[in-house]
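Student: Please take me through how to read the features of this model.
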Amino acid sequence: MVDQRKDEGATVRSGDPMEAAEVRGEGSGRVEGRTQREIIWRRFKRHKLAMVAGIVLLLLYLGAIATPWIAPYDYAEQDFSSMSQAPNLSHPMGTDQLGRDEFTRVLYGGRVSMLVGLGVGAFITVIGTGVGIISGYYGRYVDSGLMGTADFVLVLPFIPVLLVLGSIFQFNAITITLVIALLLWPRMARLVRGQVLSIRDQEYVQAAKAVGVSNFRIMLRHILPNTFGIVVVEATLIVALAIIIESIVSFLGLGIQPPTPSWGNMLTDARSQMTTQWWLTIFPGLMIVFTALCVNFLGDGLRDALDPKAVE
Amino acid sequence: MLAYIVRKTLSSIVVLFLASIVLFLLTNLSGDPLLQLRQNPQVSGEDLRRISAEYGLDQPIYVQYGIWFKDAVQLDFGTSFKQNTDVNSIIARRIWPTALLMGSSLLLAVTIAVPFGVYSAIKKYSIIDKLGTFASFLGYSMPIFWLALIMQLVLAVYLTNWLGTRIFYVSGYSMNGIVDLLQHLTLPALSLAVIQIAEFSRFQRGAMLDVLSSDYLRTARAKGLSRRKVYLKHGLRNALIPTITIVALSIGTVFGGAVVTETVFSWPGLGFLLIDSLQKGDYNVTRALLVIGAALIIFFNLVADIVYSFVDPRVRYD
């Protein structure tokens, strides 16, 4: 979905002194060109759907943080005078059979679901990038050991193992985040390793080695920045995946436990009343799809924007 | 070539052995099969010890694994703690519903996704391609259980109320003739297929795009072959290779999808059995299912590797 429009004003430099200083700092001097960051930003802006998705996601996460202040009711507050109401003005998403406000519960459920998504993304970015870089850089037995482990984790049946772990530990938001991350990091590690293998033997890395830069510093300053593109894209995909996985495990009753609402476990309760109270099934599910869709669109836009081979 | 297959097979067996150890320990923690007896004041400590010994639960864990392993190699997965029968016969009853469900959804997904992926690649950036891209994003973002719930609500409940007669059933499994079977099978198979279509069609599109930009395809066009012949004979053949791999790999992971779909539709297959055994703490059944799940993934990884080495002569065997 690359839009090939010519952009206007191609040589205008941004007047931001901070960015200009950075250009000089990187040794490219003050030229009539664009910094890498500007190029990426311009390309990303062209991807309208990704822009909108990014903004919506930002609002969703702000909403999750602000939930205790913006939620109209308490998530456990039972109101027996307004049980099982269809969506109306005072309850925009209706109420459940205990008179709890569905909108409030969707807000609180979103906090858990979106925290798990972001948490898994962050963990896997750290573990996967670390393992991938070390594996690709050192090669040989380090590589075969780490990648052997990665392949081994990939062989375990993912959802069933997660369910067994759920029955052992009684997941909360933190533990389910850790466990999903521990089962999903190999994807990122394999991807990063592949990228590192293609960087490792390039001249600038050899030059750094020749002048005596330490291995750690080479990995940090010369290799890590060049894996940035694929890491960011894969991380967004993992955030979406983690949100969906959490909802599946919670839906099956082995994830986040009630009374703490999550989008997944709200749907477990909704199932028995599905035919009479459709709103309890529709809204939490719509939120999962909507959030995951936004994350995936954002990832798609980032993929186009961060692709170094794309034409400007 | 033969050496390559032998080496791959041997390493698969080693991986399966390691996986069985991990899964054994994991399932061992997942429940206490004697919990009910322990809580029952009428069962004396003497009885408990006797029952423990009967199941071999009083042995140290590595001895338990050894005993389990010796039987499992001969495909005997022990006895259920909760039902008075062996695990094998419990699983045997559940295999066909799962195989039927998975087979039909996979067939549906491949017959829709492959032509669609190829078409989207040939007509890149057309309206159909863009709609397809959007739809597959939607598929990727959809938790399968919610799709299944919505299908139940719309196609089973609302449609039945509106028509006055029932076309699709919400749940269960029944084999009274082909029509009855289809009425029960359609919704669960469709909900599984939707996610797979999203995945496979994107994959097929990407593979076809790669092939379309290759030199040999340009040569084929340049020497005057018809568009149709070039696309179908030279293009599609090679573009199918990655798809074969991804389809083979996805057969290995049937359990994940089966657990969710079978729970929602009360489909009496292996996934339903997994949830059931977890809830009951019947970990001999859970263990057998997990090890079989891992074995399937490992096996189809192996199949994908071997098939790939046959259809793609560029794969090297060192």
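Tutor: Helices (H or I, at least four residues) and strands (E, at least two) are DSSP runs, numbered from the N terminus. This is a predicted model, in which local features need pLDDT of at least 70 and side-chain atom pairs count only at pLDDT 80 or more, while totals for chains, interfaces and linings use all residues. Residues are numbered from 1 along each chain as its sequence is written, and chains are lettered from A and ligands numbered from 1 in the order in which they are written.

Student: How many residues of helix α8 of chain A are buried?

Tutor: A residue is buried if 20 or more other C-beta atoms, placed from the backbone, lie within 10 Å of its own. For α8 (residues 203–210) of chain A, the count is 0 among 8 residues. In chain B, buried residues make up 37% of the 318 residues.

Student: How many residues of chain A are in contact with chain B?

Tutor: Contact means that two C-beta atoms, placed from the backbone, lie within 7 Å. Here 32 residues of chain A are in contact with 35 residues of chain B. On the side of chain A that touches chain B, α11(A) gives the most, with 9 residues. By class, that side has 25 nonpolar (Ala, Val, Leu, Ile, Met, Phe, Trp, Tyr, Cys and Pro), 6 polar and 1 charged (Asp, Glu, Lys and Arg) residues; the others, Gly among them, count as polar.

Student: How many helices and strands does chain B have?

Tutor: Chain B has 13 helices and 0 strands.

Note on methods
Buried ≥ 20, exposed ≤ 12 C-beta atoms within 10 Å, placed from the backbone.
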